[in-house]
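Please open the model in your viewer and keep the selection tool at hand. The stops below tell you what to pick next and what is there.

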Amino acid sequence: MKKFALAVVAGGLFSSGIGIQLAHAQTTDIVFDTNGAAVGGEITVRSFDWTQDNALAVGATPLSLDPENPTTFTLYAQGSLGNFKDGNNQVINGTGLNIDYEITFETGFTETGVNSIIDGIGALATFQLASETPVNYFNIYYDTARNASQLAGTGYNDGDLIMHAEVTKNDTTFFVAFQIDADEDGVMDTPLVVALDGNGTDNYPGVGTVDGSG
């Protein structure tokens, strides 16, 4: 799974009363209101622990081998919030998250990518935010329906929109190691292909994916 960091410029869209505000200017803590106008919903959060989920790079293959002419494509991704964490990286319990409500995000942005082949070792792809980004958004939703589905890819962009932002930076890499090809020539020149769904029960039998890390 390709992981990426997002630097965002937040906008104030808090239609449900669920909101975020800075707790201390000298720290990265925020005060997050988990129940809007009701009493006792404010918690102080240092980080949001998102679960692993899905991403789709539209138009990314074949990825260019020419650094002077990178491939431009659009990345779409989504995910659910697993936990709120405090300044000691401990889970904040008793918030009602994933019991009374869910928090999800969806994002889409235009980026560029270049692939580099390292003979006998693997392929290293590098990605950057495109200089022109016709697609660029990062939205967070609060939803009491708790209907996000990894298998169906639905339920991530409904509920109350509590934050809208744009991606301002993206510098990432993804490496795929080679294995010895089936032609038994002794050369490592083929990427390893594994089951697409390697988490518990394989819900997509017969569907494979290139195995890599980034």
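Buried means under 20% relative accessible area, exposed means over 50%, and partly exposed lies in between, with a 1.4 Å probe and protein chains only. Begin with Thr-168: at 44% relative accessibility, this residue is partly exposed.

This is a predicted model, so local features need pLDDT of at least 70, side-chain atom pairs count only at pLDDT 80 or more, and totals for chains, interfaces and linings use all residues. Residues are numbered from 1 along each chain as its sequence is written, and side-chain values use heavy atoms, with hydrogens and water left out.

**The whole chain**

Color by pLDDT, the predictor's confidence in each residue, from 0 to 100. The average is 85, and 83% of the residues score at least 70. Now select residues 1-26, where the pLDDT is below 50. Beyond near neighbours in sequence, this stretch has 74 contacts in the model. A contact means heavy atoms within 4.5 Å.

Switch to a cartoon view. The protein has 15 strands and 0 helices. Both are DSSP runs numbered from the N terminus: helices are H or I with at least four residues, strands are E with at least two. Among contacts with a separation of 6 or more, 59% join residues 24 or more positions apart.

Next, show the surface. The accessible surface comes to about 12,200 Å², and carbon and sulfur atoms hold 52% of it. Such areas come from the Shrake-Rupley method with a 1.4 Å probe; for residues, only the protein chains shown count as cover. Of the 214 residues, 34% are buried.

**The aromatic cluster**

Select Phe-32, Phe-48, Trp-50, Phe-84, Phe-105 and Phe-138. Ring pairs link these six names into a cluster. Rings of Phe, Tyr and Trp (its six-membered ring) pair if their centres lie within 6.5 Å; planes under 30 degrees apart count as stacked, over 60 as edge-to-face and the rest as tilted. By this rule there are 8 aromatic pairs.

Zoom in on Phe-48 and Phe-84. Their pair is edge-to-face, with 5.8 Å from centre to centre and 65 degrees between the planes. Phe-48 sits in strand β5 (residues 47-50) and Phe-84 in strand β7 (residues 71-85), so the pair ties together parts 36 residues apart in sequence. Phe-48 is partly exposed, at 28%.

**The salt bridges**

A salt bridge is a side-chain nitrogen of Lys or Arg within 4 Å of a carboxyl oxygen of Asp or Glu. The count here is 3.

Pick Asp-29 and Arg-46. Their closest N and O atoms are 2.4 Å apart. Asp-29 lies in the loop between β2 (20-22) and β3 (30-33), and Arg-46 in the loop between β4 (42-45) and β5, so this bridge ties together parts 17 residues apart in sequence. Asp-29 is buried at 12% relative accessibility, while Arg-46 is partly exposed at 33%.

Go on to Lys-85 and Asp-49. The closest N and O atoms of this salt bridge are 3.8 Å apart. Lys-85 is in strand β7 and Asp-49 in strand β5, so the pair ties together parts 36 residues apart in sequence. Lys-85 is buried, with a relative accessible area of 16%. Asp-49 is partly exposed at 29%.

Then select Lys-169 and Asp-171. Their side chains meet in a salt bridge, 2.7 Å from N to O. Asp-171 is partly exposed at 46% relative accessibility.

**Last stops**

Select Gln-78, in strand β7. What does its side chain reach at 3.4 Å? The backbone oxygen of Gly-153. Not counting residues up to four places away in sequence, Gln-78 touches Asp-53, Asn-54, Phe-105, Glu-106, Gly-153 and Tyr-156.

Move to Ile-118, in strand β8 (residues 102-118). Ile-118 is partly exposed, with a relative accessible area of 33%. Leaving aside neighbours within four places in sequence, Ile-118 is in contact with Leu-124, Phe-175 and Phe-178.

Finish back at Thr-168, in the loop between β11 (160-167) and β12 (171-180).

Definitions and conventions: A polar contact is a pair of N or O atoms within 3.5 Å; within protein, one must be able to donate a hydrogen and the other to accept it, and residues adjacent in sequence count only if both atoms are side-chain atoms.
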